[in-house]
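Hello! Here is the structure I promised to pass on to you. Please open it beside this message, and then read on for what turned up in it.

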Amino acid sequence: MEVINRFIALKSHVEGAPRESDFELKTEAISLMVEPHSNCIILKNLYVSIDPYQMNRMKSYSSSHKAVDSSAGIVPGQAIEAQGIAKVVASGNPDYEKDHLVVGFISWGEYTVTKSPASLAKLDPLGFPLSYHLSILGSSGLTAYAGFFDICKPRKGEKVFVSAACGSVGNLVGQYAKLFGCYVVGCAGSKEKVALLKDKLGFDDAFNYKEQTDLKSTLKRYFPDGIDIYFDNVGSEMLEAAITNMNNFGRISACGAISEYTNMERKPTIDMIDIVYKRIKMQGFLMPDHLNLHSEFMSTTCVYIRNGKIQILEDVSNGVESIPSSFIGLFSGDNVGKKMVKLFEED
């Protein structure tokens with residue numbers, strides 16, 4: 001038996017902002033027959049994650065990131081891999097049987113063929129929608145949890161600033177911070193997002209960065225007594241402004257730099273005098289560095305969800321054809337919460 005797999009590939013490496021013309025929809029025939037004990041697993045992809053960090057993998061000079069498998073450069077013409085949720089349709093691996101649900105690295109396509117079961121894990125939905133395991137209970141949730149609690153080591157009552165606060169990670173950081181007992185301000189790119197942060201997610205305040213001409217003075221208004229923790233998702237001028245307004249012994253969790261991914265000229269000028277004399281700690285991190293926190297993260301977050309104390313923001317498109325536009329939209333702020341594409345209905 002065969003199926004026709006449709007998947008998204010790069011036409012060539014991307015320089016600057018991504019465009020629809022950088023991608024192509026390709027097809028291939030896949031046999032659903034696998035040899036016993038071959039280790040080959042064929043997956044029917046249900047949901048695939050759409051993440052801005054993939055932009056760095058699409059550049060011709062992405063080899064500098066190859067120390068991390070998930071950041072290795074993407075080869076034009078080949079299917080793009082990303083986090084996702086899938087169902088086993090055929091398997092030569094005794095640990096993965098037909099109809100098992102899995103989470104892990106799958107392709108930007110309708111089916112995935114892999115001989116690397118180490119990149120997969122069996123998925124118990126725990127009574128939650130499958131999509132939660134890509135958003136709040138997936139890499140976005142653990143990134144937010146680890147980046148805030150492990151990197152920033154907050155204290156109750158501290159003042160927290162979150163950039164890209166309506167994004168897949170930022171919205172959760174703000175909610176974790178509020179639940180912990182911090183004062184939280186976020187920024188986003190529209191009036192609607194600002195209202196959502198304050199009215200639905202419980203941020204103490206929020207502002208539209210697109211309406212501001214001087215970010216340093218803006219942050220001074222929102223944090224007259226200074227910032228203790230800055231969770232950075234954007235880099236560039238916002239990072240500069242946050243450092244200017246940081247308190248002594250402030251902490252910066254450097255999670256992403258989306259404003260720099262498509263514009264290599266847009267680099268922050270970091271004031272090292274501020275860093276040194278304020279004794280600011282700034283640390284970059286990747287989610288896989290903090291897998292030791294997974295059990296704690298899951299138990300804490302599941303209780304929050306079941307008790308209605310945390311809101312889940314998901315932005316779901318449908319069909320493999322929507323993957324390129326979904327990805328491109330990340331860089332103009334189209335998404336609210338975790339962006340993903342649904343490829344098949346859950347059986």
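**A nonpolar patch, and some salt bridges**

Helix 8 (residues 272–277) gives the most to the nonpolar patch, with four residues. Helices here are DSSP runs of H or I with at least four residues, strands are E runs of at least two, and both are numbered from the N terminus. Before going further, please note that this is a predicted model, in which local features need pLDDT of at least 70 and side-chain atom pairs count only at pLDDT 80 or more, while totals for chains, interfaces and linings use all residues. Residues are numbered from 1 along each chain as its sequence is written, and side-chain values use heavy atoms, with hydrogens and water left out.

Which residues form the patch on the surface? They are I270, M272, I273, V276, Y277 and M282, and together they have about 610 Å² of accessible area. M272 is found in helix 8. A patch is made of residues with over 30% relative accessible area and no salt bridge, joined within 9 Å for like charges and within 5 Å for nonpolar side chains (Val, Leu, Ile, Met, Phe, Trp, Tyr). The areas come from the Shrake-Rupley method with a 1.4 Å probe, and for residues only the protein chains shown count as cover.

Now to the charged side chains. A salt bridge is a side-chain nitrogen of Lys or Arg within 4 Å of a carboxyl oxygen of Asp or Glu, and by this rule the count comes to 14.

One of them joins K159 and D228, whose closest N and O atoms are 3.7 Å apart. This pair links distant parts of the chain: K159 sits in strand 8 (residues 159–162) and D228 in strand 11 (residues 227–232), 69 residues apart. Are these two residues buried or exposed? Buried means under 20% relative accessible area, exposed means over 50%, and partly exposed lies in between (1.4 Å probe, protein chains only). K159 counts as partly exposed because its relative accessibility is 22%, whereas D228 is buried at 12%.

K339 and D315 also meet in a salt bridge, at 3.1 Å from N to O. K339 lies in strand 15 (residues 338–342) and D315 in strand 14 (residues 314–318), so the pair ties together parts that are 24 residues apart in sequence. K339 is buried at 8% relative accessibility, and D315 is buried at 19%.

K278 forms a salt bridge with D274, with 3.8 Å between the closest N and O atoms. Finally, R6, E110 and E321 are linked in a network of salt bridges.

Enjoy exploring!
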